[in-house]
Amino acid sequence: LQGIFVLGLPYALLHSGYSGLLLLVLAAALCCYTGKILIACLYEENEDGQLVRVRDTYEDIANACCKKLSPNLGGIVVNVTQVVELIMTCILYLIVSGNLLSHSFPYVPVTEKTWSVVAFVTLLPCVFIRTLKIVSKLSQLCSLVHFVIILVVITYCLTQMHQWSWAKFRLSLEFEDFLVSVGVIIFSYTSQIFLPTLEGNMKNPEEFRCMLNWTHFFACILKTIFALTAFLTWGEKTKEVITDNLPSFLETLVNLCLLTKALLSYPLPFFAATEIVYSCISKGNHPNYISPLLALTVRGSFLLLTLLMAMFTPHFALLMGLSGSVTGAAMTFLLPSLFHLKLTWKKLSFLEKCADISVFILGFLCSLAGVICSVKGLLGVFG
């Protein structure tokens with residue numbers, strides 16, 4: 001899920017200057033922290049003082065926090081938020097696939113929307129995915145392709161070291177451009193939706209915190225190197241998607257790799273969204289107990305929905321920014337900190353309470369700023 005955002009990191013540095021380097025580190029630390037406190041909400045101490053996993057999903061945490069208001073209110077809010085974010089992500093992958101195919105084969109007289117349909121056809125086997133094991137294998141391939149893309153870009157940038165200059169960094173910043181940079185940088189680290197399932201399926205769940213520390217550390221190092229080398233290479237000419245800056249022979253190669261990555265990335269959010277719907281339909285029973293016909297209908301409907309929205313939703317980028325500002329910030333910052341405060345208030349130290357409250361306020365401000373920018377853009381488009 002992070003690959004699309006990573007390609008925009010050099011452009012984010014263009015508009016955030018030196019502060020962007022600090023943001024890359026700060027965003028990694030904050031997302032790592034909210035991931036830990038979210039998982040902490042799955043556990044409670046038993047009579048012997050040992051931590052026991054009493055909840056399994058983000059939905060269970062939300063229901064536990066809102067049970068005094070309504071037994072299912074929290075879960076409904078979380079599920080709707082998750083499904084919206086996941087479906088919007090799937091739609092984005094379809095649109096990106098159509099765009100990449102169009103740029104890779106410019107001499108073929110086919111529109112981007114038609115190319116999106118071609119990409120959609122290759123994704124039809126997703127309706128038969130039943131287990132996370134298949135999705136994990138596709139995600140491994142996706143990570144490999146992602147690594148190749150990053151390696152190609154960094155290698156080319158290193159060949160241009162002779163023209164690097166720190167003077168390319170901006171000291172004065174435009175507020176709205178800076179907010180865009182904040183959104184790109186923060187949401188390049190988000191993964192909270194998948195963490196409860198991931199931790200629950202780990203062979204050694206006690207190693208989860210260590211795993212989260214190391215993955216965010218290496219992600220921060222890799223993203224900083226990638227964004228810095230690319231920006232130092234192209235400076236003010238840095239484009240929104242850095243691969244557009246590459247020479248034509250490399251751009252075609254990387255675009256095809258990106259297309260492969262986008263198609264391999266699609267099954268994960270698609271599978272996660274359908275699993276949420278299954279759990280709601282089954283009302284507590286295991287999703288496998290749903291009839292095969294109903295499961296196939298749900299997956300087919302979701303697949304068709306993503307295509308229709310990719311084809312017919314105008315100004316999708318602005319709508320994506322609007323929904324991402326609400327759902328992304330909520331799932332990454334607002335809800336984890338709020339749930340942690342609610343469920344563990346009596347056990348938290350003063351500093352821990354301050355940390356959670358600070359994260360909540362920061363998430364709220366990021367969300368509000370993103371909504372304002374997106375609405376302003378939509379109003380401008382519609383006149």
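**Ground rules.** The model is predicted, so local features need pLDDT of at least 70 and side-chain atom pairs count only at pLDDT 80 or more, while totals for chains, interfaces and linings use all residues. I number residues from 1 along each chain as its sequence is written, and side-chain values use heavy atoms, with hydrogens and water left out.

**Entry 1: salt bridges.** Side chains of opposite charge can pair when their charged atoms come close. I counted a salt bridge where a side-chain nitrogen of Lys or Arg is within 4 Å of a carboxyl oxygen of Asp or Glu. How many salt bridges does a search of the whole structure find? I noted three.

**Entry 2: E44 and R55.** I looked up the salt bridge between the side chains of E44 and R55, at 2.4 Å from N to O. E44 is in strand β1 (residues 43–45), and R55 is in the loop between β2 (51–53) and α4 (58–66), eleven residues apart. Helices (H or I, at least four residues) and strands (E, at least two) are DSSP runs, numbered from the N terminus. For cover I used relative accessible area: buried is under 20%, exposed is over 50%, and partly exposed is in between (1.4 Å probe, protein chains only). E44 is partly exposed at 36%, whereas R55 is buried at 9%.

Entry 3: R53 meets D56 in a salt bridge of 3.1 Å, N to O. R53 is partly exposed at 25%, and D56 is partly exposed at 47%. R53 also forms a salt bridge with E199, where the closest N and O atoms are 2.8 Å apart. E199 lies in helix α9 (residues 195–200) and R53 in strand β2, so this pair ties together parts that are 146 residues apart in sequence. Is E199 buried or exposed? I found E199 buried, with a relative accessible area of 2%. Through shared partners, salt bridges join R53, D56 and E199 into one network.

**Entry 4: a nonpolar patch.** I then looked up a nonpolar surface patch of about 830 Å², made by L338, W345, I357, F360, I361, F364, L365, L368 and I372. Patch residues have over 30% relative accessible area and no salt bridge; like charges are joined within 9 Å, and nonpolar side chains (Val, Leu, Ile, Met, Phe, Trp, Tyr) within 5 Å. The areas come from the Shrake-Rupley method with a 1.4 Å probe, and for residues only the protein chains shown count as cover. Which helix gives the largest share of the patch? Helix α15 (residues 350–381) does, with seven residues. F360 is in helix α15 and counts as partly exposed at 30% relative accessibility.
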